[in-house]
Amino acid sequence: MKRVFGAKKDKEPPPSIGDASDRINKRGDTVEEKIKKLDVELNRYKEQIKKTRPGPAQEAVKARAMRVLKQKRMYEGQRDMLYNQTFNLDQVAFASEGIKDAQQTMTALKSANKELKGMMKTVKIQDIDNLQDEMMDLMDVSNEIQETLGRSYSVPDDIDEEELMGELDALEADMGMETESDGVPSYLQPDRESDLDGELNLPSAPIGHAGVPAGRSNGRAEDELGLPAVPRATLRG
């Protein structure tokens, strides 16, 4: 049968949007090259028209320039049509890519939703609340332990706080009286040299040689303070 009717040929896959767009762009480039060549030829005819005098020769050049100008207009129309087709294909490709992205996004969201539901089954709000309550109780117990361990052994339990506050107020009052003079507490003021001589009422040291009272002979030696000199003991070997 295959020899009589022949084998069935496989159908070629339809061209994709990218293939069609590339083909149209190549055609557009070809038309653009033709338009550029016609522009060069048209400029040459314009120069010839400027150089020739009015007459049959100039009219012939104008006719050829008109023919080239018509071809240029035709190619420009084809180029614009190809560019419009390319634009339409780009729009379709953009929409197709957007649909593909949306499909992938929906697939990812469905997978994430399924995983999230599975994880939520293992987590319960009541368990979280119970765990938070237990943690708060443990923190309270820990604070009580720290306060108990930080208690001072030397402080008695029967201290009257009102009595302590009274002593503190009295101390503040004393400090206020000390600072009324110059605004500086007494314990911050510099030390003053005490007059020990005035406190002990000691007599002042005599200056020079004192006069000899009557009834005393001047034969005795005196020291530099005007007092009788003490005889030196003889040193024995």
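Because the model is predicted, local features were considered at pLDDT of at least 70 and side-chain atom pairs at pLDDT 80 or more, whereas totals for chains, interfaces and linings use all residues. Residues are numbered from 1 along each chain as its sequence is written, and side-chain values use heavy atoms, without hydrogens or water.

The chain contains 6 helices and 0 strands, where helices (H or I, at least four residues) and strands (E, at least two) are DSSP runs numbered from the N terminus. In sequence order, the pattern is α-α-α-α-α-α. Of the 237 residues, 9% are buried (under 20% relative accessible area, with exposed over 50% and partly exposed in between; 1.4 Å probe, protein chains only). Contacts (heavy atoms within 4.5 Å) between residues at least 6 apart in sequence join residues at least 24 apart in 56% of cases.

Helix α2 (residues 17-51) and helix α3 (residues 56-122) have axes that come within 8 Å and cross at roughly 160 degrees; the axes are lines fitted to C-alpha atoms over the stretch in contact, with angles from 0 to 180 degrees between N-to-C directions. The two helices are therefore roughly antiparallel (over 145 degrees; under 35 is roughly parallel, 65 to 115 roughly perpendicular and the rest oblique). The contact of α2 with α3 comprises 19 nonpolar, 9 polar and 12 charged residues (Ala, Val, Leu, Ile, Met, Phe, Trp, Tyr, Cys and Pro are nonpolar; Asp, Glu, Lys and Arg are charged; the others, Gly among them, are polar).

With neighbours within four places in sequence left aside, Tyr-45 contacts Val-61, Arg-64, Ala-65, Arg-67 and Val-68.

Ser-21 lies in helix α2 and is buried, at a relative accessible area of 9%. Beyond residues up to four places away in sequence, Ser-21 touches Thr-86, Leu-89 and Asp-90. Gln-78, in helix α3, is partly exposed at 32% relative accessibility. The C-alpha atom of Gln-78 is separated by 9.5 Å from that of Arg-27, 51 residues away along the chain.
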